[in-house]
Amino acid sequence: MRSRTADWFETKIRFEKTMEDGLQKKVTEQYTVDALSFTEAEKSIIEEMSAYISGEFEVADIKKASYKEVFFSEADSDDRWYKAKLQFITIDEKSQKEKRSNVYYLVQAGTFAGAVRHIEEVMGTTAIDYVIASLNETSIMDVFEHQARPVSQETAVEE
């Protein structure tokens with residue numbers, strides 16, 4: 001399990017897709033990208049999708065994701081994305097009352113049970129008391145991480 005913290009944006013792409021029966025159908029698919037702004041998210045998803053879609057497509061929607069951290073799985077069978085709401089439990093020292101803070105994560109897994117296992121695997125390495133308040137499968141097709149571009153010799157700044 002690998003996790004990555006970043007600014008994530010959920011994007012929706014609308015395009016003509018060839019279905020299994022050979023007919024063309026207009027579909028909207030959701031993807032998540034790592035970006036610093038809405039503009040960068042749009043540029044990133046257009047670059048990523050250009051490699052997969054032959055023909056025209058449009059970016060139908062972009063919104064800032066409620067999660068800052070994504071748990072990536074290396075298993076080929078983990079082909080779904082789950083949104084997890086964890087509540088971190090702390091005790092207020094003055095009032096001695098329990099306080100719960102909500103934190104959202106995106107988890108890659110093949111099944112609901114697998115998503116729970118992945119959360120426990122990552123969170124088990126921390127000393128934070130938590131409960132899984134909710135866990136829902138999303139319609140996200142894939143997550144694209146920002147790829148740093150290599151600096152060419154001509155654009156490198158000399159020191």
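Biologist: In which sense do β5 and β7 pair, and over how many bridges?

Modeller: β5 and β7 pair in the parallel sense over three bridges, where two strands pair if DSSP finds at least two bridges between them. Helices (H or I, at least four residues) and strands (E, at least two) are DSSP runs, numbered from the N terminus. Before we go on, please keep in mind that this is a predicted model, in which local features need pLDDT of at least 70, side-chain atom pairs count only at pLDDT 80 or more, and totals for chains, interfaces and linings use all residues. Residues are numbered from 1 along each chain as its sequence is written, and side-chain values use heavy atoms, with hydrogens and water left out.

Biologist: Which residue stands opposite Glu69 in β7?

Modeller: That is Tyr105, which stands opposite Glu69.

Biologist: And what is the strand order of the open sheet of five strands?

Modeller: The order is β1-β5-β7-β6-β8, with mixed pairing. Its edge strands are β1 (2–5) and β8, each of which pairs on one side only. From one strand to the next, the twist averages 25 degrees; here axes are lines fitted to C-alpha atoms, for helices over the stretch in contact, and angles run from 0 to 180 degrees between N-to-C directions.

Biologist: Which strands does α2 lie across?

Modeller: Helix α2 lies across β5, β6, β7 and β8, and runs at about 150 degrees to β8. Its buried residues pack against β5 (69–72), β6, β7 (98–109) and β8 (129–137), with contact meaning heavy atoms within 4.5 Å.

Biologist: Which residues of α2 are buried?

Modeller: They are Gly114, Ala115, His118, Ile119, Val122 and Met123, where buried means under 20% relative accessible area, exposed over 50%, and partly exposed in between (1.4 Å probe, protein chains only). Seen down the axis of α2, these buried residues fall within an arc of 160 degrees, so they line one face of the helix; the arc is that of the directions from the helix axis to the C-beta atoms. An α-helix has 3.6 residues a turn, so residues three or four places apart point the same way.

Biologist: New topic: is Lys85 buried or partly exposed?

Modeller: Lys85, which is found in strand β6 (residues 80–91), counts as partly exposed because its relative accessibility is 22%. Among the residues that Lys85 touches, not counting those up to four places away in sequence, are Asn102, Tyr104 and Val131. The C-alpha atoms of Lys85 and Val131 are separated by 8.7 Å, although the two residues are 46 apart along the chain.

Biologist: What about the other sheet, which strands are in it?

Modeller: That open sheet of four strands has the order β4-β2-β3-β9, with mixed pairing, and its edge strands are β4 (57–64) and β9 (140–144). β2 (residues 8–18) and β3 (residues 24–34) pair in the antiparallel sense over 11 bridges, and they form a hairpin with five residues between them, where Gly22 in the turn has a positive phi of about 90 degrees.

Biologist: Last one: how are the rings of Phe72 and Trp81 arranged?

Modeller: Phe72 and Trp81 form an edge-to-face pair, 5.8 Å centre to centre with 85 degrees between the planes, and both residues are buried. Rings of Phe, Tyr and Trp (its six-membered ring) pair if their centres lie within 6.5 Å, and planes under 30 degrees apart count as stacked, over 60 as edge-to-face and the rest as tilted.
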